[in-house]
Amino acid sequence: MHASGTVCFRAMRMSNLFSPTLRDDPADAEVVSHKLLLRAGFIRRVTSGVYNFLPLGLRVLRKIEAVVREEMNRAGAQEILMPMVQPAELWKQSGRWDKYGRELLRITDRHDHESCLGPTHEEVVCDLVRRELRSYKQLPMNLYQIQAKFRDEVRPRFGLMRGREFVMKDAYSFHADEDDLAREYQNMFDTYTRIFTRLGLKFRAVQADTGAIGGRRSHEFHVLAESGEDVIAHCSACDYAANVEMATSCRKVPVSEGADLETVKTPGATAVEDVAGLLHVDPALLVKTLVYRVKRADEADEIVAVCVRGDDQVQAVKLARLLGADELVMAADEDITNIGGVAGYVGPQGLNARVLADETLKGAVGLIAGSNEKDAHVTGIDLARDVSDAGYADVRECREGDACPTCGGGIGFSRGIEVGHVFELGRQYAEPMEVVFQNADGKRAVATMGCYGIGVSRLVAAVVEQCYDDAGIIWPMHLAPFHVVFISLGKSEQVINVCKQMYEDTQAAGLEAVWDDRNERPGVKFRDAELMGIPIRVVLGERGLSAGKAEITIRGGEKLEVPLEDVLNFVRAEFDRRAA
């Protein structure tokens, strides 16, 4: 609006809109969303993993933010804004300054004070709340922000899908007890479900690892797309779903005929497939023994031998979580020798190290494993008998076709883009950060916490990954940068005036319209409108004007002719239908 109160239409003309389009896919763009958002003039690269949002891109981003904000407010959360630059002392107090890793971009100011660019805000929000929290009567509270974050990704890729700087909604709740935390966790879970449903996405909530954030329980929300970096395991018969890093499944225990231990020669055969072929057995009967060096802060490294079936793989995230490891690395040959093994022929029996076997090996008999001697394996292994001190846990990677741990149905895999994550943090941050209050009994108590994140800028890309065709983006009506584009063809002053009037009437009716008044060929205008994904296209040329009709095309759908006097009503009805 101008100061006078009249609507400014000129800014919504394509001739005045900063929306540079590209005819061809950029060479460095790999996934659909990256290609189309660049080609359609929504974003431009600044440096590796960092992007400008151009006017069209920012309009979509703000619409997604609005949905997130409305639902967070509806859920009872309160919006704040915290700084991106965070002092090192807060991170040192929580213990994450050294643990977080190289994704934390550390900086030093002119006074030699260390700080970091915030990848997340647990420390800052704890510091804020602890300064103001006195009594249990102030709880619960849920504070959120929508703000830029920075994580120094080792391999930023896929445009907005895996950037270093990104826009995130992060919320933090504080509670007097665990029951209230569980209530708010469910409240946020339901809120996220409403948000992604309103955005028109096909998504799935899955059990997940808590990762660098930590905590006891978490769920990820994934937009289903072939370009997704995450693999989701899900049951075909029930609602069980989990990130493959956390997924559990069932397999039959491998059993062969019981026999005494026997050492057999297997010269040069170190791979499972080679040993199985040489001995003419199913790879499931082999025990694959992997030796790890387990690194933990402020502790000496531990060497651990991990056993899985020969046709299985160790799930590194599960294993690290189980062992409380800050880092897992494969043991060197010297480490293997020191515990009584031989590289390439390691078996679980007789090792001078902790042995951890996958649950699917519990009760297994008639197995084959390395003999801890060069060029030999041992047959007839009964783990309960021969490795009696072995521990058992779920350390294997779930496989397609396994049985569901909940109902026994078949496990399938899908790819997903993680767009949201909810955590039950408990007192992991509140305790070291001293977020305390006086409880109902008048005693000092530590608050318990939850945190809840949504990748707002990533959602822009996620929507495109589900909404496109060969011509470009197909935005849902309520997320499109403009609801309708008016295209005037030729240089006829009468055509221009009628098209301008229809455009202004549509704007005045409350719909978001843009007028392509550029001196370009019709094909260029049509291609740009499709590439940008504007839902409704209204075209007027001299022939249409003579017939008293405009051509209206629904993006990705039908094309029809509508009398000029009915254009506004048609556009408004189509908007109402598609925005519902």
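**View A. The surroundings of the sulfur of Cys-250.** The closest cysteine sulfur to that of Cys-250 belongs to Cys-404 and is 7.6 Å away, which is too far for a bond. A disulfide is counted where two cysteine sulfur atoms lie within 2.5 Å, and by this rule the structure has zero disulfides. Cys-451 likewise takes part in no disulfide, its nearest cysteine sulfur being that of Cys-126 at 9.8 Å. In accessibility, Cys-250 is partly exposed, with a relative accessible area of 39%, whereas Cys-451 is buried at 3%. (Buried means under 20% relative accessible area, exposed over 50% and partly exposed in between, with a 1.4 Å probe and protein chains only.)

The model is predicted: local features need pLDDT of at least 70 and side-chain atom pairs pLDDT 80 or more, while totals for chains, interfaces and linings use all residues. Residues are numbered from 1 along each chain as its sequence is written, and side-chain values use heavy atoms, without hydrogens and water.

**View B. Arg-130 in helix α4.** Arg-130 belongs to helix α4, residues 122-132 (a DSSP run of H or I, at least four residues; strands are runs of E, at least two; both are numbered from the N terminus). The residue is partly exposed, at 21% relative accessibility. Beyond its neighbours within four places in sequence, Arg-130 is in contact (heavy atoms within 4.5 Å) with Leu-90, Gln-93, Met-433, Glu-434 and Val-435.

**View C. Polar contacts of the Arg-130 side chain.** The side chains of Arg-130 and Gln-93 are joined by a polar contact of 3.2 Å. The side chain of Arg-130 also reaches the backbone oxygen of Met-433, at 2.6 Å. Arg-130 and Met-433 are 303 residues apart in sequence, yet their C-alpha atoms are 7.9 Å apart in space. (A polar contact pairs N or O atoms within 3.5 Å, one able to donate a hydrogen and the other to accept it; residues adjacent in sequence count only if both atoms are side-chain atoms.)

**View D. The second largest pocket.** This pocket has a volume of about 270 Å³. Its lining consists of 20 residues, and those nearest the centre are Thr-270, Lys-288, Thr-289, Gly-344 and Val-346. Two or more lining residues come from each of α6 (272-279), β14 (287-295) and β18 (367-370); β14 provides the largest share, five residues. (A pocket is an open set of points on a 1 Å grid over the protein atoms alone, where a 1.4 Å probe fits, with protein on both sides within 12 Å along at least five of seven lines; lining residues have an atom within 4 Å of a point. The volume is the space filled by probe spheres set on the points, which are joined across faces, edges and corners.)
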